[in-house]
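Visitor: I would like to go through this model by question and answer. Please give the cut-offs as the terms come up.

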Amino acid sequence: MKKNIIFSLAVLFLVSACNSLDEDPKAFISSTNFYKTTEDADAAVIAIHNAINSSTHTLYNRLIQIATEMATDDYEAGPRARNAHVRALSNLTHDASNDRMIELWRQSYDGINRANVAIDNIGKNPNLNSQKDKDLINEAKFLRALLYFNLVRWFGDVPLVLHETTVLTPEAINVSNTPEADVYTQIENDLIDAEALPVVQQNKGRVTAGAAKSILAKVYLTEKKWQKAAEKSKEIIDSKVYDLFENYADVFNVATKNGKEHIFSAQFKGLTNWNGNMLASTAAPTSVPGIAGDQADALHKEGKLFEAFAETDKRKYITFAVEFVSPTDGKTYKVTPHFNKYFDPATPTSPGQSSKNTPIIRFAEVLLIYAEALNEQNGGPTPEAYAAVDRVRTRAGVELLATTSPALGQDAFREAVFEERRKELVYEYQRWFDLARRGPDYFVAKLKAAGKTNAQPKHVHFPIPQRELDLNPNLKQVPAWR
């Protein structure tokens, strides 16, 4: 951790104007002459956003997918994925030397450090006390909470660093593991503070009160705090601020991004100084003339995700494509099922420049959180739980659970919700987290059923990178990986 939590404003991408998330970084400024104005503070918060999805293989620009989704029952390394670390994750033969683990850890703590710098420096400046300044602190807290939420689920007990590191003493930089429960408490506290954010932000892509409430509901669900998860998700539903798009395709259309269903998304603007959404390149079929994807990922042959969708499910041929029109010769080419959510027709010859956003939390997931929490809280599904799932299924054009399965028990309804999450949230960085939070037995059973016979109980966490253990003598490996 030495390199990851040491303060350096040299890593902040500072901007000349701060009204959006797609501006040119102009200069590096030290903290001694920074944080003079609200515009400075805004630039520092934008720098946190940039840490998670500003370029290729940052956290929300493909890294999480390669590092975690690859280790599930629905994905495997494709024929062009020759990287040994990626193939090891797909085969569940990875270890603490895997470079994707290093990047998950490094980039997460880089973002956390940026958040700590912003929170500390905005907060201690008496001239930065407007409502906007307070909102910026809470936005930084939200982003810090999101990053810690990922880390604690991946690695369990992780070092909890909440302030800018300004000295290089061993006490400051050799931070010990913090118990998982304490990390979750801090995540909750940050998100509760962030609930004070505006309900609507003028600039798209910025954090809102709804985003804080939605991630908080998800945190409660992960902690099995069923009542709190139900109450918080219902608060979002009852607010009427968000709703489902009538057409599932609109969730992923460039023209409708940051719309009524989108609560918080990773923002992409292809063909600009910002890199596009690399998930589009990952899925592009290299066999079609003029389309230059890398075909690094593939549907798991045994998991049969494509076949899991009913033919009448409207999500099936939006999530996947079985034919593409070549931008070179105009012909239609049949292909094996390819992920299609993020493929941007505006950039067929450069798929990685897709301007489609990746949802981090959207209203459909809030409905499924509500349904799951009610089922667990009440020992079985309630009418409200059925109604929440069926709002999602209605849009998908599939039969309603209340009609086909009106008397499900708790276990069967839980499985129905998880299967709905699997289909609704494909390629949205959810599957590994969903499998892992069900526990080792469930995780291993699902992976082995998909033909990934190397699955073991330890795989519900990832190993802390050996590099970090070597640098920090106070850091301990995940128990199952020792």
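Visitor: How many cavities of 30 Å³ or more does the structure hold?
Guide: The model is predicted, so local features need pLDDT of at least 70 and side-chain atom pairs count only at pLDDT 80 or more, while totals for chains, interfaces and linings use all residues. Residues are numbered from 1 along each chain as its sequence is written, and side-chain values use heavy atoms, with hydrogens and water left out. On a 1 Å grid over the protein atoms alone, a cavity is a set of points where a 1.4 Å probe fits but cannot get out, and a pocket is an open set with protein on both sides within 12 Å along at least five of seven lines; lining residues have an atom within 4 Å of a point. At 30 Å³ or more, the number of cavities is four.

Visitor: Which element gives the most residues to the lining of the largest cavity?
Guide: The largest cavity holds about 110 Å³ of space, a volume being the space filled by probe spheres set on the grid points, which are joined across faces, edges and corners. Among the 13 lining residues, Tyr60, Asn150, Arg153, Lys218 and Ile360 are the closest to its centre. Two or more residues come from each of α3 (59-67), α6 and α9 (209-222); helices (H or I, at least four residues) and strands (E, at least two) are DSSP runs, numbered from the N terminus. With four residues, the element that gives the most is α6.

Visitor: Is Asn138 buried or exposed?
Guide: Asn138 is part of helix α6, residues 131-155. Beyond its neighbours within four places in sequence, Asn138 has contacts (heavy atoms within 4.5 Å) with Asp193, Ala194, Ala196 and Leu197. Buried means under 20% relative accessible area, exposed over 50%, and partly exposed in between, with a 1.4 Å probe and protein chains only. Because its relative accessibility is 11%, Asn138 is buried.

Visitor: Which residue in β8 stands opposite Ser265?
Guide: Strand β4 covers residues 262-266, and five of its five residues are buried. Four bridges join β4 to the antiparallel strand β8, residues 358-362; strands pair if DSSP finds at least two bridges between them. Opposite Ser265 stands Pro359.

Visitor: How many charged residues are in the lining of the second largest pocket?
Guide: This pocket has about 290 Å³ of space. Its lining has 18 residues, and the closest to the centre include Lys204, Tyr242 and His262. Ala, Val, Leu, Ile, Met, Phe, Trp, Tyr, Cys and Pro count as nonpolar, Asp, Glu, Lys and Arg as charged, and the others, Gly among them, as polar. The lining has six nonpolar and nine polar residues, and the number of charged ones is three.

Visitor: What is the relative accessible area of Lys240?
Guide: Most residues other than glycine have a negative phi. Lys240 has a positive phi, near 65 degrees, and lies in the loop between α10 (226-239) and β4. Lys240 is exposed, and its relative accessible area is 69%.
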